[in-house]
Amino acid sequence: MRQSGIPVTVARYAALVVATVLFLLPFYLMLRNALATDREITGVDWTIFPSSLRWGNVAEAFADPTANLARAMFNSAFIAVTQTAGTVLLSSMAGYALARIPFRYATPIFYAVLLTLMVPPAVTFVPSFIIVSRLGWVNSYQGIIVPVLFSGFTAFLFRQYFLNFPRELEEAGRIDGLGYLGVFWRIVVPNSLGFFAAISVITAIASWNQFLWPLVVGQNPSMWTVQVSLSTLMTAQTINLHQVFMAALISIVPLVLVFVFLQRYLVQGVAESGIKG
Amino acid sequence: MGATPAFWLFMGPFLAGLVVFVYLPIAWSFVLSFNRAQNTVQPREFVGLQNYLDLLGPGPFLDSLWTFTVFAAIIVPLTFVLSLLLAVLLNQIAVARAFFRSAFFLPTACSYVVASLIWKLSIFNGVRFGLANQVLSLFGVENIAWLSSVSPPWYWLVLATVRLWLQLGFYIILFLAGLQRISPELYEAAYVDGAKAGWQTFRHITLPQLRTTSVAVLLLNLIAAYQAFDEFYNLLGNSSLARPPLVYLYYTAQSNQDYGHGSAGAMILAALIVLVTLAQNRIYGFGRPET
């Protein structure tokens, strides 16, 4: 790229700094309100900084029985971990089969998987709910977790990735007497950890943040995920604003940690997949 | 182990799941959509196309498709232009690129629920506080009821900014990846031919080279707008001001337990999205299996 003059460079940085302030402002508001009193959130004498930082709000948010925050955090964590493990296991194996194992009907099966890509899960929540209620899985972990495990899209991504996996490595394994399962577990997976990490991070974040499906299936407060709990708090009749903001803040802590430590994989995953939020 | 048993070992569990949790639900829903099914997921009484006719007549379902159209018309171009602009800016700077990228990307860690909460209870709270009204009061502007004002429909501003905040970082990353794939030699050749850096090279080199990414961004955006639920539900609830298709379906199926109409609505939405996917596949070939 050609060198630009100093005024242009300054203008670019100025624009980026303004945008950055706007992007970070909501985080600041959440933090500020979480540590303030309700009066400081709603008062006409609103200030940028609250008069004091009330760390006691953390304990108060956990103590609130309506939000059931500790239980909701546990539910979300349990669901995110099992959903990620299940999705990655099932779709990596399916993707590998579609990319590498010769089978007569592999093409029609591949098209059957592609077909499921066209109709996004959010549009099929009514049909899915019908099956889950027939199975008696409403208000259960399996009801929230299992139907979401079979991601045609993730299987498709794994297939595309395995198509480009170096065949020589697999052949070396086969010469050593490994079957398909052995080659997959001992050679393909250990050599693809970056890609597995990228898909895992994206799946875990999507799972933690999903709202519609847990709202539909986990109706009982003991099954609320943290998103459902927050939504209920937000629309509750009597509302403790600082508690709502504190609960929201607590709910994003795991993800911000994931972002800080695993951003490399996340960016790689987004750039490679080009889908999923 | 032969290839065929191995194929089934690898593919079987996944395929079984797809059948039970994707194909079977859709088939069941298809059957239900021709039946009356209130408070039950069993077909009760065959009503033919009545559920479809009910939905496609003037009423809340058609309104919801209109809401989606308005929303897409606002959000798709805005997201496209702003994410491209920020990606180009990021690509042009030498220092602190990773910092700015992280700042733009960080909101994607937030859920729509958390973002709606900040927007509704902090920034765009309409009653007497809220950052937007605080700032406007500095200029002597009266408090605005952001979420309940009908004319002008300020709620679109709230809905659009939530989504922009959450999604821009994701699309910026896609555009950045696209920009970095453009060969610098193309620009060098253009300069040799006398092109000026700036709008000329952007229009004749950058934009055409970003065609693949641009189409992907537009389509992903359109599909994401079609699936809008979280922010509408949390900001507006079951309000008739702006009720997109999934919110309408949610209240039909959950609150009214009307699975006949709910299923018909799901079928119509699925059919629409399949049509769009097939159309774009013809035009562009996105998602076509490469070999």
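**Close-up views of a two-chain model**

**View 1. A loop residue with positive phi.** N68(A) lies in the loop between α3 (56-63) and α4 of chain A; helices (H or I, at least four residues) and strands (E, at least two) are DSSP runs numbered from the N terminus. The phi angle of N68(A) is near 55°, and this positive value belongs to a residue other than glycine. This is a predicted model, in which local features need pLDDT of at least 70 and side-chain atom pairs 80 or more, while totals for chains, interfaces and linings use all residues. Residues count from 1 along each chain as written, chains are lettered from A and ligands numbered from 1 as written, and side-chain values use heavy atoms, without hydrogens or water.

**View 2. Helices α4 and α8 of chain A.** Here you can follow α4 (residues 69-100) as it packs against α8 (residues 152-163). Their axes (lines fitted to C-alpha atoms over the stretch in contact, with N-to-C angles from 0 to 180 degrees) are 7 Å apart, and the packing angle is about 50°. Because of that angle, α4(A) is oblique to α8(A) (under 35 degrees is roughly parallel, over 145 roughly antiparallel, 65 to 115 roughly perpendicular, the rest oblique). Contacts (heavy atoms within 4.5 Å) on the α4(A) side include V88(A), Y96(A), L98(A) and R100(A). Among their partners in α8(A) are F158(A), R159(A), F162(A) and L163(A).

**View 3. A salt bridge at R100(A).** Which residue forms a salt bridge with R100(A)? The partner is E170(A), and the closest N and O atoms are 2.8 Å apart. Over all chains, the count comes to 3 salt bridges (Lys or Arg side-chain nitrogen within 4 Å of an Asp or Glu carboxyl oxygen).

**View 4. Helices α5 and α7 of chain B.** Now move to chain B, where α5 (residues 112-123) packs with α7 (residues 155-180) at about 130°. The axes of these two helices are 10 Å apart, and the angle makes α5(B) oblique to α7(B). From α5(B), the contact is made by Y112(B), A115(B) and W119(B). The α7(B) side includes V158(B), R163(B), W165(B) and L166(B).

**View 5. A cis peptide bond in chain B.** S151(B) and P152(B) are joined by a cis peptide bond, with omega about 0°. Look for P152(B) in the loop between α6 (131-138) and α7 of chain B.

**View 6. Confidence in chain B.** The average pLDDT (confidence per residue, 0 to 100) of chain B is 91, and 97% of its residues score at least 70. Over residues 287-291 of chain B, pLDDT is below 50. Beyond near neighbours in sequence, that stretch has 9 contacts in the model. Where pLDDT is low, predicted coordinates should not be read in detail. For the complex, the predictor gives an ipTM of 0.92 and a pTM of 0.92.

How values were computed: pLDDT is the predictor's confidence in each residue, from 0 to 100.
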